[in-house]
Amino acid sequence: MSNSEAPGTTAVLLAAGAGTRLGLGPKALLRFRGRTLVEVLADVLLAGGCREVVAVLGADAATVRAATDLSRHRVIANPDWESGMGGSFRLGVAAAPPEDHVLIALVDQPGLTPETVARLLASHRPGRVTAAAYRGTDGTLRRGHPLILDAALRAEAAETATGDAGARQFLQAHPGLVDLVDCSDLSGGEDLDTPDQLHLLD
């Protein structure tokens with residue numbers, strides 16, 4: 001296979017949650033760098049080298065669409081978003097071109113940079129899962145997001161996505177397929193879940 005025929009990578013940005021624990025409405029609409037979080041992160045994924053971005057909305061999807069400019073990206077809505085992340089994961093993966101690898105990103109990671117995305121894309125090996133990893137305070141490297149599912153693995157991963165689990169069950173069942181890429185020098189990899197983490201938007 002020549003480089004021109006090599007699979008591209010579609011980013012799936014999971015942005016369907018209601019942000020219940022945070023208590024400020026959908027995280028997609030949080031203000032960040034003068035725009036909404038979903039706009040900023042979708043553009044980061046594109047700038048990092050993904051072929052396209054599929055943003056999966058859910059909670060207050062009509063409001064999010066009206067309040068954002070996602071015209072550079074594909075936007076789909078998960079009508080069953082309340083059932084958990086698994087449904088949004090499956091919809092997003094299904095929306096990507098079948099020959100593409102899929103990069104899964106979360107809308108609540110404001111520290112994500114184009115450099116992180118580019119590093120993952122450059123590190124990916126055929127038939128593997130490539131996951132960003134971050135060092136904790138104890139120095140241990142922990143798997144985080146984004147992660148790349150090889151085109152050959154995405155269907156099986158989607159089949160196992162249920163409830164509030166995206167690729168978790170698939171990754172736990174196939175630990176030997178996962179390559180960790182240390183991105184600690186670029187970001188802490190934190191998810192914005194609770195009010196005490198709002199400083200991540202500064």
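Analyst: In this predicted model, 69% of the protein chain's contacts with a separation of 6 or more join residues 24 or more positions apart; a contact means heavy atoms within 4.5 Å. Local features need pLDDT of at least 70 and side-chain atom pairs 80 or more, while totals for chains, interfaces and linings use all residues. Numbering starts from 1 along each chain, and side-chain values use heavy atoms, without hydrogens or water.

The C-alpha atoms fill a box of roughly 45 × 40 × 30 Å along the principal axes, and the chain has six helices and nine strands (DSSP runs: H or I of at least four residues, E of at least two).

Now to your pocket (an open set of 1 Å grid points with protein on both sides within 12 Å along at least five of seven lines; lining atoms lie within 4 Å of a point). The second largest pocket has a volume of about 190 Å³. Its lining includes Arg 135, Arg 142, Arg 143 and Asp 191, along with Gly 136, Gly 144 and Gly 188. Two elements, β7 (129-135) and β8 (141-149), each give two or more residues to this lining, and β8 gives the most, with four.

The structure also holds one cavity of 30 Å³ or more, a space where a 1.4 Å probe fits but cannot get out. About 40 Å³ lies in the largest cavity. Gln 109, Tyr 134, His 145, Gly 189 and Glu 190 line the pocket and also the cavity. Pro 110, Gly 111, Leu 112 and Ser 187 are among the cavity's other lining residues.

Definitions and conventions. Grid points are joined across faces, edges and corners, and a volume is the space filled by probe spheres set on the points.
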